[in-house]
Amino acid sequence: MADNDTEAEAESTTETTTEREAETETADDVTIDVEAIDAYEQRIDELSTAVEERDETIEELQSVVEEQSEQIDKLEDQFLDLSARVADGRNLGVCPECNGPTEKKERLFRSDTIECNRCGEVIHTY
């Protein structure tokens, strides 16, 4: 019986030691997991900040493109007006649509215009 008691104590000691080792390993795993979670959350914060900065940059670029488009349209209008008026010293020019001759038409009651003689397109209205 004494051997049985000794064996029982040895088994309980072994089981207790095994349980403590398992708890220690679990505690280490939890620490690693907590550190990994912190690193993961930090990475998520960094990525969300980067996405916000990218979105702001995209919005800025879109506004720049819109401004440049407006400037291009304005310059095209000015170019067409100049090309129509200065092609000839007698207010004759070239139609941008059909390359036909344009002429300044002076009207008594309406605005003066520069019109294409071939297609009738109004190039500019004064």
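Me: In which sense do strand S2 and S3 pair, and over how many bridges?

Reply: This is a predicted model, in which local features need pLDDT of at least 70 and side-chain atom pairs count only at pLDDT 80 or more, while totals for chains, interfaces and linings use all residues. Residues are numbered from 1 along each chain as its sequence is written, and side-chain values use heavy atoms, with hydrogens and water left out. Two strands pair if DSSP finds at least two bridges between them; helices (H or I, at least four residues) and strands (E, at least two) are DSSP runs, numbered from the N terminus. Here strand S2 (residues 101-105) pairs with S3 in the antiparallel sense, over 4 bridges. Within this pairing, Lys-105 stands opposite Thr-113 in S3.

Me: What is the pattern of helices and strands along the sequence?

Reply: The protein chain has 1 helix and 4 strands, and their pattern along the sequence is α-β-β-β-β.

Me: How do strand S3 and strand S4 pair?

Reply: Strand S3 (residues 113-116) and strand S4 (residues 122-125) are antiparallel and pair over 3 bridges. Ile-114 has His-124 in S4 as its bridge partner, and Glu-115 is bridged to Val-122 in S4. The hairpin of S3 and S4 has 5 residues between the strands, and Gly-120 there takes a positive phi near 85°.

Me: Which residues lie on each face of S3, and are they buried or exposed?

Reply: In a regular strand the side chains alternate between the two faces of the sheet. A residue is buried under 20% relative accessible area, exposed over 50%, and partly exposed in between (1.4 Å probe, protein chains only). Both faces of S3 are covered: Thr-113 and Glu-115 on one side are buried, as are Ile-114 and Cys-116 on the other. For the protein chain of 126 residues, buried residues make up 9%.

Me: What surrounds Glu-115?

Reply: A contact is defined by heavy atoms within 4.5 Å. Glu-115 is found in strand S3 and counts as buried at 15% relative accessibility. Leaving aside residues up to four places away in sequence, Glu-115 touches Pro-101, Thr-102, Glu-103, Lys-105, Arg-107, Glu-121, Val-122 and Ile-123. A polar contact is a pair of N or O atoms within 3.5 Å; within protein, one must be able to donate a hydrogen and the other to accept it, and residues adjacent in sequence count only if both atoms are side-chain atoms. The side chains of Glu-115 and Thr-113 make such a contact at 2.9 Å.

Me: How many salt bridges are there, and which side chains form them?

Reply: Side chains of opposite charge can pair when their charged atoms come close. The criterion for a salt bridge is a side-chain nitrogen of Lys or Arg within 4 Å of a carboxyl oxygen of Asp or Glu. By this rule there are 2 salt bridges. In one of them, Glu-46 meets Arg-43 at 3.5 Å, N to O. Glu-46 and Arg-43 are separated by about one helical turn, because they are 3 residues apart in helix H1 (residues 2-86). Glu-46 is partly exposed at 41% relative accessible area, and Arg-43 is partly exposed at 46%. Arg-54 and Asp-55 also meet in a salt bridge, at 3.7 Å, N to O. Arg-54 is partly exposed at 48% relative accessibility, as is Asp-55 at 34%.

Me: How many disulfides does the structure hold?

Reply: A disulfide requires a pair of cysteine sulfur atoms within 2.5 Å. The structure holds 0 disulfides. Cys-98 is in no disulfide, and the nearest cysteine sulfur, that of Cys-116, is 3.4 Å away. Cys-98 counts as partly exposed at 24% relative accessibility. For Cys-119, the closest cysteine sulfur is in Cys-116, at 3.6 Å, which is too far for a bond. Cys-119 is partly exposed, with a relative accessible area of 42%.
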